[in-house]
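Here's a quick tour of some strand pairing, salt bridges and surface features. Have the structure open as you read.

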Amino acid sequence: MWRRSASFILERQTSNSPPMADTTTRAPFQNPDSISAYYQTRAAHHGVITSDWLAQAQAAVGGVSGEDENPNSSVSDIEKEKSFNVIEEFNGWRKQPDLAEAVAAIRALAAVIRASEASTMMELEIELKKASDTLKSWDKTSISLTAGCDLFIRYVTRTSALEYEDFNSAKSRLLERAEKFGEISCKARKIIAMLSQDFIFDGCTILVHGLSRVVLEILKTAAQNNKLFRVLCTEGRPDGTGVLLSNELSKLDIPVKLLLDSAVAYSMDEVDMVFVGADGVVESGGIINMMGTYQIALVAHSMNKPVYVAAESYKFARLYPLDQKDMAPALRPIEFGVKIPEKVEVERSARDYTPPQYLTLLFTDLGVLSPSVVSDELIQLYL
Amino acid sequence: MPDVQSMVLEFVNKLRKRKIEGSQATARCTVELLKSVVSHHRLPRANQASALIDAVRGVGAQLVAANPVELAVGNVVRRVLHIIREEDLSLATAAVSELDFNGEGMSAAVVAAAARSTLRPPSLQTLLEGTTESATVPYTFSSGVDSESKTADKSSITQKLKDDVRGGIDQLIKDITDCHEQIAEQAIEHIHQNEVILTLGNSRTVLEFLCAAKEKKRSFRVFVAEGAPRYQGHVLAKELVARGLQTTVITDSAVFAMISRVNMVIIGAHAVMANGGVIGPVGVNMAALAAKKHAVPFVVLAGSHKLCPLYPHNPEVLLNELRSPCELLDFGEFSDCLDSGSPLVQVVNPTFDYVPPSLVSLVITDTGGHNPSYMYRLIADYYSADDLVM
């Protein structure tokens, strides 16, 4: 009842005053303007040019301060070299379009191990923990990053519990495992593609939302197995994922139809199943994914269409959002092509949360899971 | 060995010709067959468990191919494989603790941890550990033990694995045979005084369940939907009356009309899938939809041999069996329509129905009553992840 009141007026007044005072007292590794670095990187992968990006590019050429990288470089001489290296390293890995976020995180932590001068396991663990905390605080919105860091730290802690007499052999083992994780991630996609093949039958129509590399792998494998199906892609504003996906799929000779995001309910009766990826899988078994996934899941559920999620297991996170606003805000710039009056607000969140009751099955490299199994897996890992 | 081979072929024939009816009978025959396979298989010196697993899996693949719709066969084969793996692991940990006492080089903790990880399904914990190291460790168990002990001990270890596996299989046979009593014990918690129960078709589990409640002096009424075209509901109704229960026989089409008068729907399942979906006799999906509409609890009774670790992707077609249309029509009734080259009349007689998990309130197994979304837990207890594909 409180939310229905005119509290939005009060909210607007309070939100206007604090940001002015905050800019000077910000912690050195905070992202300015709370624009999600994760979604910016995704946009960069997709090659979406926004006016924001252009401004950044111009500023980078001109050397004017106020963008993402520069606050870090301005404080580099103040902070220790190592923590600066972690974020740089991570950003370097993250820019590669085919690399999963968690793999980039683990590679960055591997670089920390390589550069570390610790002589005992305990010391190494403490360094890793600090590096991982730095990474996590730098981009609070990326769930794979958090989950990947947690997974690696957990693995390090447990491995050191086993008896390794030689510290150097333990260290080289950790490095080798971290390097192997990239392969695990690729293998994970192949396993997921194999598991989901049975669910795609000849003559089916698949609705896809967002550009998930795992879902693309699934569709590629199905095409290679000579299955006959067609794909409906949503446009995916503002990332333009629909056009990109249709490019990829037409290379594989899969019939594709583009839909406006608002045309999903209109086309839902000719759809047999919905496939989405996930930015993160939360403890309840729900998923956090690109904005629009919740909407599509609701429509699919009301029309009795199954919603399948393809996600690698390292995306499982210890979050439990109770509603849409219960997550760290991940904002991203949205272009409308025309000038918007200043007083008009824009909903800039890049992601939404889909509760588990709208999902049918999750395909992960741990096997086919129903949403209730996710919390079991997380309990096994963390408790 | 040739004796076992002929037994296998005979059983495969029986399955293919659908001579064995009912999942309990099929499960019991399958277990007996696998027990003789295990007893007669000559084990090599090293890697005994893997040899046994390969033998059982080979036979199992033949059985499943003979009747893919009878899921109990696959379930039981996977249970036996899981038993073999478990017994091997417990023997190995016992051997390792002996080795440790003798002062062997390899760290006991590392070895035991690796062995444990081979039995567990892939999980987040083992994600980073990789599979190469865990795969090599089991091979060193048998060889390590062999190099230590003398020949007399070697054969005794072979015998030990077989004995343990046979013991496990006997326990499985007992579980399959006793499932009715175990489930019936829980009847008193679910059926209350002056209730009206609806059931469909004929299931022995349901019969025992209702009679157990009757024994405990609960008075209730039963509506039995006749379950066309085989009319098994008539058989059930006669049995219930023989045991002194007030019974009403209704047609399948009357289920929706009667559902508002019913307190609970209880049916016996043919199989319960990993997502909680239920395969039952044709007509149960209709009863489930009716129950959902009127908020009536839909209870499914299933013994543990009916619990299948697979996820259904097209169960109405792939897990269904079309029987002879002579059950619907008498011979000669439609002969003028059916005689022409391409008849316009087709008769479809499916055996099973798939009920999605959202319509099921409770699944009662011999271990207790569970939510359909809890099935994955029971599956993790009874089956190993490596055995899903045969």
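Arg18(B) has a relative accessibility of 32%, so Arg18(B) counts as partly exposed. Keep in mind that this is a predicted model. The side chain of Arg18(B) meets that of Glu321(B) in a salt bridge. That pair links distant parts of the chain, 303 residues apart: Arg18(B) sits in the loop between helix H1 (2–16) and helix H2 (23–40) of chain B, and Glu321(B) in the loop between helix H13 (315–318) and helix H14 (335–338) of chain B.

Over all chains the count comes to 23 salt bridges. Here are some of them:

| Pair | N to O distance |
|---|---|
| Arg18(B) and Glu321(B) | 2.5 Å |
| Arg230(B) and Glu21(B) | 3.1 Å |
| Arg177(A) and Glu176(A) | 3.9 Å |

Arg230(B) lies in the loop between S2 and H10 of chain B and Glu21(B) in the loop between H1 and H2 of chain B, so their bridge ties together parts 209 residues apart in sequence. Arg230(B) is partly exposed at 33%, while Glu21(B) is exposed at 53%. Over in chain A, Arg177(A) is buried at 4%, whereas Glu176(A) is partly exposed at 33%.

Now for the strands. S2 (residues 220–225) and S3 (residues 246–250) of chain B run parallel, joined by five bridges; Ala225(B), for one, has Ile250(B) as its bridge partner. Together with helix H10 (residues 232–242) of chain B, S2(B) and S3(B) make a right-handed β-α-β unit.

Finally, Phe336(A), Val338(A) and Val346(A) form a nonpolar surface patch with about 270 Å² of accessible area together. Val338(A) counts as exposed because its relative accessibility is 61%.

Technical notes: Residues numbered from 1 in each chain as written. Chains lettered and ligands numbered in written order. Predicted model: local features only at pLDDT ≥ 70, side-chain atom pairs only at ≥ 80, totals over all residues. Heavy atoms only, no water. Pairing = 2+ DSSP bridges. Helix = DSSP H or I, 4+ residues; strand = E, 2+ residues; numbered from the N terminus. Right-handed = clockwise from strand over helix to strand, strands pointing away. Patch = residues over 30% accessible without salt bridge, like charges linked within 9 Å, V, L, I, M, F, W, Y side chains within 5 Å. Areas by Shrake-Rupley, 256 points an atom, 1.4 Å probe, with all protein chains shown as cover. Salt bridge = Lys/Arg side-chain N within 4 Å of Asp/Glu carboxyl O. Buried < 20%, exposed > 50% of the residue type's maximum accessible area, 1.4 Å probe, protein only.
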